[in-house]
Every structure is written in C-alpha cells, then in structure tokens.
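Dear colleague,

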Amino acid sequence: MIKQGLDISHIRNQFPFLKPHSDTKPLIYFDNGATTQKPLRVIQGIVDYYTHNNANIHRGVHTLSQKATTLYDNARKYVSTYLNAKHPHEIVFTKGTTDSINFLASCFAQYISQGDEIIISEMEHHSNILPWQILCKKKNAILKIAPINLQGDLLLDELNKLISPQTKLISITHVSNTLGTVNPVKDIVALAHQHNIPVMIDGAQAAPHLKIDLQDLNADFYCFSGHKMYASTGIGVLYAKEKYWNSFEPYQTGGGTIKSVTFNETLFADLPHKFEAGTPHIEGAISLANALKFITDTGIDNITRHEHELIEYATEKLSEIDTLTIIGRAKNKAGVISFVIPNTHPFDIGTLLDKQGIAVRTGHHCTQPLMQKYNLPGTVRISFAVYNTLEEIDYFISALKKTIKMLQ
C-alpha cells in the first residue's frame with residue numbers, strides 16, 4: 001500500500017457532493033477528466049455573489065455594480081498571479097477550452113493564407129482538431145499531424161520534420177485526455193520558437209494536475225476549463241501574450257468591448273475588455289478564483305504527488321488483470337488511465353460499474369482519430385482528482401473483476 005501524503009479526509013470533507021448519497025452503495029467518482037466536483041468555498045462563493053453582490057459590471061455607478069466589478073477584476077488578477085502571466089490583461093475569460101480554441105482560431109485566421117501549415121498531433125481532443133481543420137479548409141491551408149507511438153508518446157523528431165517555412169502555428173495538448181500522456185510542451189515551445197513559430201497549448205487536462213508557469217513555459221497561447229479544476233461550468237481561460245492580443249481583431253463584438261461607437265466608426269476598449277463581449281460569466285470567474293485558492297491552499301505539488309501515487313497504484317492493480325489492456329503507457333502520465341477488455345464493449349463495463357456506485361467514462365472521449373489509430377471503438381477511462389483514495393481504487397478493482405466475470 002502506498003503512503004498518502006495529504007490529509008485526504010480533510011480534503012474530502014470540503015466537497016459536499018462526496019458525502020454518501022445512500023446507505024446501500026458507495027459513491028466513487030472516477031470521471032474527473034470530464035468534470036470535477038466542487039469544494040464548499042466555490043459553492044459558497046457563488047451563493048454569496050447572488051445573495052449579496054449580484055449586479056452587472058463595468059458600466060454601473062451604483063455600489064453593487066462596483067462591488068461586482070471589483071470581484072470580477074480581482075478574479076482575473078488572481079488567475080494571472082496563479083499562472084504567473086506577465087500581465088493580468090493577458091488573461092481573457094471564455095466559456096472553457098473549446099470556446100478558447102475556437103476563439104483563437106477565429107483571431108488567428110488573419111495570419112493564415114493559402115498553402116500555410118498548422119501542426120497538431122494524433123492525440124488531440126476534437127476541440128483542438130476541428131477549429132484548425134475548419135480554418136485550414138477556409139484558407140486552403142494544410143493541417144499536418146504529428147505522430148505518436150503505440151505507448152502514447154509524442155514523436156518529437158517526427159514533429160520536427162513536419163516544420164517548414166510555411167508552418168504558422170503548432171497547437172498541442174499538454175496532457176492527453178485519453179492516454180494521460182504528459183507532453184514535453186516546454187521543449188516543443190523552444191523548438192517552435194527556433195523557427196519563429198507560435199505555440200498554442202491545450203491545458204484542459206494539465207491545469208488540474210500540474211503547476212502551470214506561463215512565463216517559464218513561454219507558450220504564446222494557453223487555455224483551460226474551470227470545471228475540470230473544481231470551478232463551475234461555463235468558465236475558462238484563454239491566455240495570449242500581449243503582442244498577439246494587440247494585433248487580434250475581436251472574436252465577438254458588442255457591449256463591453258468598446259470605448260465609443262458611431263454609425264461610421266467604432267473605437268474598441270483596451271485589453272482585455274476588447275475581447276469579452278456582453279455580460280460575462282461573473283460568478284464563474286469568482287468560482288475559478290476560489291477554486292485556484294483551494295488548489296493553492298492544498299498545494300499543487302501535493303496534488304501532483306498524490307495523483308501520481310493514484311495513477312501508479314491503479315496501473316499496478318489493473319496490470320494484474322490478465323484480460324485487460326491499458327491503452328497509453330507513456331513514461332510520463334497524469335490524470336487518466338484508459339483500458340479495454342477483449343470482446344467486451346466499454347459501455348457495458350461502465351454501466352455495470354455504475355450499478356456498483358462507480359462513475360467512469362466510456363467511449364471515444366472526443367478523440368476518434370486516436371481511437372482509429374488503436375483500432376478501437378472506445379475505452380473505459382478512469383480519471384482522478386485530489387479527493388480520490390487508494391481505498392476507492394481497491395473497491396473499483398474488486399468491482400471491475402466482478403464485472404468482467406459477469407460479462408464473460
């Protein structure tokens with residue numbers, strides 16, 4: 001048994017959802033890669049906002065509007081500090097990772113011409129495929145795919161071979177949502193910058209598990225979703241270096257994005273307001289700041305260490321099941337483990353595990369090209385958060401063995 005380095009009971013007590021829902025079966029939540037549960041401080045922060053501070057922001061002179069504006073602006077400052085961005089105005093709030101990448105693809109279109117190239121990898125989520133695929137079709141540009149090996153490691157030498165004078169962007173996931181592979185993104189950024197190529201990092205599966213230092217990483221763009229790291233749904237971040245924000249045209253326009261409007265001309269607002277049209281997700285930004293405070297108080301290094309123990313322990317136990325194959329054996333993994341059982345559909349496994357109180361994810365995980373590479377219809381995926389335990393893994397393994405026996 002691996003020794004746990006955190007007071008997990010104290011952590012779990014901060015999550016109301018994790019309290020037992022019935023007396024007959026446990027609640028084991030192993031679908032954190034899809035969304036995490038929320039600590040009380042996040043829930044209470046949303047309640048407090050709507051109870052005491054609800055008002056629209058930036059344009060009201062009354063006290064409530066000023067209080068709401070301060071909460072929203074302070075949330076941006078906290079996110080910026082947490083990520084070690086150079087400036088708070090480099091942080092733009094979005095609906096989440098999908099919205100952020102579509103946002104960037106729309107803004108980045110001005111840099112793409114016929115024959116230009118964008119590089120992604122075989123392990124990308126659909127959200128980091130479709131926007132670039134559509135942009136390339138519109139511009140008659142070329143989408144290049146960096147390969148991975150069967151263990152799930154990105155082949156850096158092959159990525160390097162794809163780079164040409166026509167390469168205008170590399171967009172890569174930090175952590176694969178299906179394989180758990182942690183890509184060497186700092187090395188990729190350094191390689192790309194040797195050729196003056198900007199890099200976008202999809203951090204949806206990395207931000208909950210790893211320390212993110214934007215100035216050290218030096219990526220040009222970085223994005224993630226709040227709901228995967230203990231905040232509410234509908235809030236996310238798109239980071240871009242200031243020089244890009246200054247050159248981009250607004251993705252959306254309307255209220256909040258302007259300094260002045262006439263029927264002949266519009267003068268847009270300063271950063272970041274130029275890129276946040278309409279009433280923003282105020283309570284979502286507040287929830288994200290509170291979620292990051294929870295992570296800070298817990299310690300991101302402690303979280304990384306604990307979750308690594310969970311990954312190692314679960315991998316060891318799963319490997320003892322003869323009929324089971326783990327998909328993704330990269331040297332450096334975080335967050336998730338995917339597996340298959342021969343002649344057994346992942347959906348059936350997920351359904352029977354659910355009957356035993358265990359929530360897992362089944363299917364292609366929005367990575368159909370990756371499933372095609374492995375010639376699979378889908379996998380069963382377990383994904384961890386800081387509140388998960390070794391005891392939960394033991395119960396899951398027992399339930400999984402029972403499930404396999406029932407199906408075979």
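Strand 12 (residues 336–340) and strand 15 (residues 379–383) pair in the antiparallel sense, and 4 bridges join them; here strands (E, at least two residues) and helices (H or I, at least four residues) are DSSP runs numbered from the N terminus, and two strands count as paired if DSSP finds at least two bridges between them. One of these bridges sets Val-336 against its partner Ser-383 in strand 15.

Before going further, please note that this is a predicted model, in which local features need pLDDT of at least 70 and side-chain atom pairs count only at pLDDT 80 or more, while totals for chains, interfaces and linings use all residues. Residues are numbered from 1 along each chain as its sequence is written, and side-chain values use heavy atoms, with hydrogens and water left out.

The pair above belongs to an open sheet of 4 strands, with antiparallel pairing and the order 11-12-15-14. Strand 11 (325–327) and strand 14 (361–363) stand at its edges with a single partner strand each, so one side of each has no neighbour in the sheet. On average, neighbouring strands of this sheet are turned by 30° against each other, direction ignored; axes are lines fitted to C-alpha atoms, for helices over the stretch in contact, and angles run from 0 to 180 degrees between N-to-C directions. Helix 11 (residues 300–319) packs on the sheet and touches strand 11, strand 12 and strand 15, its direction making about 10° with that of strand 12, where contact means heavy atoms within 4.5 Å. Helix 12 (residues 346–355) lies across strand 14 and strand 15, and runs at about 160° to strand 14.

There is also an open sheet of 7 strands, with mixed pairing and the order 2-8-7-6-5-3-4. Its edge strands are strand 2 and strand 4 (142–146), each of which pairs on one side only, and its neighbouring strands are turned by 20° against each other on average, direction ignored. Within this order, strand 6 (residues 199–202) and strand 7 (residues 221–225) pair in the parallel sense over 3 bridges, and Ile-201 stands opposite Tyr-222 in strand 7.

Turning to a helix pair, the axes of helix 2 (residues 40–53) and helix 3 (residues 63–83) come within 10 Å and cross at roughly 160°. That makes helix 2 roughly antiparallel to helix 3, a label used for angles over 145 degrees. Helix 2 brings Tyr-49, His-52 and Asn-53 to the contact, and helix 3 brings Leu-64, Lys-67, Ala-68 and Leu-71.

Finally, which residues lie nearest the centre of the largest pocket? They are His-125, Ser-127, Asn-177, Gln-205 and Lys-228, out of 26 residues that line this pocket; a pocket is an open set of points on a 1 Å grid over the protein atoms alone, where a 1.4 Å probe fits, with protein on both sides within 12 Å along at least five of seven lines, and lining residues have an atom within 4 Å of a point. About 370 Å³ of space lies in the largest pocket, a volume being the space filled by probe spheres set on the points, which are joined across faces, edges and corners. Helix 4 (residues 97–108) gives the most to this lining, with 3 residues. The second largest pocket has a volume of about 290 Å³, and Phe-93, Thr-94, Asp-99, Gln-252 and Ala-277 lie nearest its centre among 17 lining residues.

With best wishes

Notes:
Parallel < 35°, antiparallel > 145°, perpendicular 65-115°, else oblique.
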